[in-house]
Amino acid sequence: MDFSFTLLIILIPLAIFCVLGLFANRVKPAAAGMVGTAGLFIATILSYYAAYNYFSMFHAEEGYLPINAFSILWLTFTDELQIHLGVLLDPLSVLMLVVITTVSLMVHIYSLGYMKGERGFQRYYAFLSLFTFSMLGLVVATNIFQMYIFWELVGLSSYLLIGFYYERPAAVAASKKAFIVTRFADLGFLIGILLLSFNTGTFDFAILTDVAGPVIAQSTGAVFLGLSVTTWAMLLIFIGGAGKSAMFPLHIWLPDAMEGPTPVSALIHAATMVVAGVYLVARLFPIYALSAPDALEVIMYVGSFTSLFAAVIACTQLDIKRVLAYSTLSQIGYMMVALGVSGYGGEAGLGYMASLFHLFTHAFFKALLFLGAGSVIHAVHSNVMNDMGGLRKYMPVTHITFLIACLTIAGIPPLSGFFSKDEILVAAFEHNKIVFAVQWLVAGITAFYMFRLYFNIFWNRTPAFEHTPHESPATMTVPLIFLAAASIFAGFVPFHELVTSDGKSFQTGVHWMIAIPSVLIALAGIGVAALLYYKQNSKAESIAHSLKGFYTAAFRKFYIDEGYLYLTRNIVFAFISRPIAWFDRHVVDAGMDLIGNSTVQVSRSIRKIQSGHIQLYIWFFTSGALLLTLIILYLNSY
Amino acid sequence: MQSEIPLHYMIVLSTLLFFIGLLGVLIRRNLITMLMGIELMLNAVNINFVAFNHYLYPHRMEGHFFALIVTAIAAAEAAVAIALIINIYRRFATVSVDDVDQLKY
């Protein structure tokens, strides 16, 4: 089977970006939207076709083998160190192709309705295509260097889309924040890449992650501060992943990124780009599992802490998109935990499978939540929970699909979130009981804050609306219905047969010993939320009041932003930037000025020679010629 | 037998001629006189060409031809120089080099 057509999946969005980007002002908005959506539809069909063909090529003993569908040599450093650009197909990248194209297509269709009449509609579609291109290029990268290139492109398109409403100062600030924080993390990623490739002499994933290969075998190399070089490299690479996936303490950009258009939040900041960190760890998983287990422990603790931390903040936020943003953090924390507790190969790789399973289901239900929230925002023209309530009467489709998504994320069987969360909890239980307990608790908090959101939007008191809210147009409800169906049925995909750490399938099922407590705590969370928010009452306020200090801290996001501001203003600026600026102004610039000024002075004093009198010039010339003649004569006389 | 004029007579003559021309270029203020000085220097060179050709390589003609070429170039150069001088005169109403010193610092 020739898979070279997969290159088209990536090139179609690029072509659309070029066309829409270059001719944005000549194309009618509707035409731009249709071109973008149609192109992505083709790419989606192609990636489904690729996935179908790939997963039908199962080898009984070796499992799924990676396929190099396309590869060209791009740069040559030495005979061994070469950089290719290409398309790598393995279960992981095929899975990501399907997720990205599906969610992106849904967002493209949804945006036709949501963004209708916005200024810069064509620009919006051009950026969406750019993002889709970069994200697809990222997941099919054959080597870590190509991945880094697309990694940065993804960051750029995220920046462009967060700052789409560039007249709003908040959006501009948010886009800059996202770009700077992720760039800062990418510095770690770059150093990690350099360390790893310097140590191993290759960028190629096929060699890097070869279990029997030289890279994993030589893991016990040089040691620095008690950890091997490989561990350091993998930790630094994880910093890049943590920045993109908004893990604590680099999470601060994601809630602010909600300033972008809501469909963008659904696509980039919920379903695809923010899971790039999970994808990165999963892509390099054999190295993590076999030669850098310490790094994997760090990933587990970071993921676990982030999921708890974000879940607590999500309970207090009033902006519905911010609640969803913190919920995204929490769910990505789950995926990181699952990777952190996983081993390599077969049954031990349960966590790896669970993590990607959760990535898969989360992409659908979180995109659905965001698009549903977008539909609500579209109807009431506000992001804030207090302006909503009782919307179930006005927006039945949004209500039902949002309810499905909430039940899915809460982990109620038989919806997809139940299966993936169950696998994660099982993997965590086998590895580390404390982390399991935290994740179990977070499952309850998740159910609570999601239903707090649900009841506050669709039940509770009905505020006096300025305009009567109405159901969104079909372009917006059809993606909602599709994603709701995907959220319900995605759990039945036999992931343990498709995407595993070593490509071989293994047997697993629902573990009721773990599943029943987790469903119970989810139901408890829903019950508490119903008690507090189903009808208008003051119980929630009184609880918040009794927890005053803690509530305020959580509401203010535990002062992390303020901490960073203090750190940058009072320490980085005062002790590093200002002295450097002083040095630049008073030493570097002054040195340059000195050279310039002295040249001016010297030339001013000698310029009188250029008098304009031709005969003077002839004098100089003749005397020079005579002098030269005399010198030559003198030299030749010996 | 009639003795020939020795070579160094010619060289002395041409050297004298050259430095007279150079002196003219250096100290005369009138542009036309300076041009005459240049012509003198060119002719000093011509004498050298012809003399060396005659005394050192009597069976060859390169020196003669070179002198002819120099004469032709000198004619062209005189035409250009006089055109320049006429233009200078039209603009500044003078042919003295001391008054034409606009191209300075």
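Two strands pair if DSSP finds at least two bridges between them. In this predicted model, where local features need pLDDT of at least 70, side-chain atom pairs count only at pLDDT 80 or more and totals for chains, interfaces and linings use all residues, strand β1 (residues 67-76) and strand β2 (residues 82-89) of chain A run antiparallel and are joined by 8 bridges. Strands here are DSSP runs of E, at least two residues long, and helices are runs of H or I of at least four, numbered from the N terminus. A hairpin of 5 residues takes β1(A) into β2(A), and A:Phe70 sits opposite A:Val87 of β2(A).

Now for the helices. Helix α1 (residues 6-22) and helix α4 (residues 121-139) of chain A have axes that come within 8 Å and cross at roughly 155 degrees (axes are lines fitted to C-alpha atoms over the stretch in contact, with angles from 0 to 180 degrees between N-to-C directions). That makes α1(A) roughly antiparallel to α4(A), a label for angles over 145 degrees.

Between chains, 10 residues of chain B are in contact with 10 of chain A. The chain B side splits into 6 nonpolar, 1 polar and 3 charged residues. Residues are numbered from 1 along each chain as its sequence is written, and chains are lettered from A and ligands numbered from 1 in the order in which they are written.

Methods. Angles under 35 degrees count as roughly parallel, over 145 as roughly antiparallel, 65 to 115 as roughly perpendicular and the rest as oblique. Two residues are in contact if their C-beta atoms, placed from the backbone, lie within 7 Å. Ala, Val, Leu, Ile, Met, Phe, Trp, Tyr, Cys and Pro count as nonpolar, Asp, Glu, Lys and Arg as charged, and the others, Gly among them, as polar.
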